[in-house]
Amino acid sequence: MPDPIRDTRYDVIIAGARCAGASTALLLARAGLRVLLVDPAARASDTLSTHALMRGAVLQLHRWGVLDEIRSAGTPEIRSTTFHYGDEVIAIPIKERDGLDALYAPRRTVLDAALVDAASDAGAEVAHGRAVSGLLTDDRGRVIGARMSGSDRETVTIRADLVIGADGINSRVARLLNAPVTHSAPHATASIYGYWKNLGLEGNHWYYAIGSAVGSIPTNGGETCVFASIPPARFEARRRDGLEELYSEVLREVSEDLARRVAGSGGPGKLRAFAGVPGFLRRGAGPGWALVGDAGYFRDPLTAHGISDALREAEFLARSVIDGREEALHAYDEARYERVRGFFEVTDRIASFDWDMDEVKEHHMVLAKEMNALIDMQRGFGAPTANHLASATASVPGGV
Ligand SMILES: Cc1cc2nc3c(=O)[nH]c(=O)nc-3n(C[C@H](O)[C@H](O)[C@H](O)COP(=O)(O)OP(=O)(O)OC[C@H]3O[C@@H](n4cnc5c(N)ncnc54)[C@H](O)[C@@H]3O)c2cc1C
């Protein structure tokens, strides 16, 4: 089979073609940069994640012209989010703002494929079935390209002015760079989730009890994703008894109503589990490289913000790459922690499960404020248009 990679030199190589990498590729390709996007996984494949998108992400997809594709894949509109604190129920309608009156929770098979297709339409070259396996550096340590291998075991070497690691929580690119962790969070949650039909629930529902939380998120195919989250120690102690039993137990203890709906909705689909990883922020850029998405910043999934973070940071990164000055890339890295600090900290407090109902409610108020602040930061984004990388990065001496 001919290699899908046509050239030996690009402006930017991006490792990882999901929400972070494909969004970055789309924005850079639209600005006229020559982008190579590679991922060992197949287009439209699934990954370990539930699906809630926050308003900021939906606004970006709308502005990028990708939301229509997601809607036309049958992704249901979500018009309310309901919080259940024990017996107290607080339903919040999704307000009409910025031309949007609904949220969406697309399956990753839908979202990631729509972003990859938009990147490809914008001119990015996309090579599924290839992984970045090494980095090329010059004699000053600047990254000047990457080695990639595929299932055929062939390795190709490609030059680029910038290599971006958007390759997820276990980022190979970050490891190859020895990118240091600059901030870490002590807590993590484990989750088990599955998909169910005919639950009879409208919108997103988040339910809290002391020591556990569950939630339901309507997604594609008439299905609702239902997750159960607990401290990792409980997950480890009980996983050998079977995921189904633990999942049902947690649903029952947090919401008998949701547990009944799930039990009545037919046989269990395949359950998926995440054992939990504490949050971290890594250094996000250096000479000839940058990290985006989970590769550079991971926060516990209980606040359902990883995809929204990935899309927002992809746009911040793309704007600094398009700006072209080395300082702009440095500024992307420097500003990241200030952008996310509040969110990162409150996510960790929620992930600790060390709260009562009043406290978790307060944490959610802080979360809502942080989310609005993050949306406000995006208001200045227009369509990126410039079409250059820094002459500093374009004239890298070659050879390793
Ligand atoms: C259980 C769970 C539930 C979650 N629920 C939500 C939610 O409801 N809402 C939300 O916003 N977030 C949620 N998240 C977080 C969200 O899934 C992540 O933040 C998001 O997937 C990060 O996107 P990414 O593009 O950075 O990385 P990923 O989605 O992890 O994609 C990385 C890609 O890089 C590829 N790759 C790996 N190595 C290489 C390599 N060497 N070269 C090239 N490519 C490579 C992989 O194949 C993969 O396709 C959840 C996470 C988990 C674990």
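User: Hi! What kind of model is this, and how are residues numbered?
Analyst: It is a predicted model, where local features need pLDDT of at least 70, side-chain atom pairs count only at pLDDT 80 or more, and totals for chains, interfaces and linings use all residues. Residues are numbered from 1 along each chain as its sequence is written, and side-chain values use heavy atoms, with hydrogens and water left out.

User: Thanks! Which residues come nearest to the ligand?
Analyst: Those are D39, S49, T50, D294 and I307, out of 31 residues around the ligand (a residue counts if one of its heavy atoms lies within 4 Å).

User: And which atom of S49 faces the ligand's oxygen?
Analyst: An N or O atom in the S49 side chain is 2.7 Å from an oxygen atom of the ligand. A polar backbone atom of I307 is also 2.7 Å from a ligand oxygen atom. For G16, a backbone N or O atom lies 3.2 Å from a ligand nitrogen atom.

User: What classes of residue make up the shell?
Analyst: The shell has 15 nonpolar, nine polar and seven charged residues (Asp, Glu, Lys and Arg count as charged; Ala, Val, Leu, Ile, Met, Phe, Trp, Tyr, Cys and Pro as nonpolar; the others, Gly among them, as polar).

User: Switching topic: how many salt bridges are there?
Analyst: The whole structure has 32, each a side-chain nitrogen of Lys or Arg within 4 Å of a carboxyl oxygen of Asp or Glu. One of them pairs R43 with D117, with the closest N and O atoms 2.7 Å apart.

User: What does that pair tie together?
Analyst: R43 is in the loop between β2 and α2 (55-64) and D117 is in helix α4 (residues 108-121), so the pair ties together parts 74 residues apart in sequence. Helices here are DSSP runs (H or I, at least four residues), strands likewise (E, at least two), numbered from the N terminus.

Key:
A polar contact is a pair of N or O atoms within 3.5 Å; within protein, one must be able to donate a hydrogen and the other to accept it, and residues adjacent in sequence count only if both atoms are side-chain atoms.
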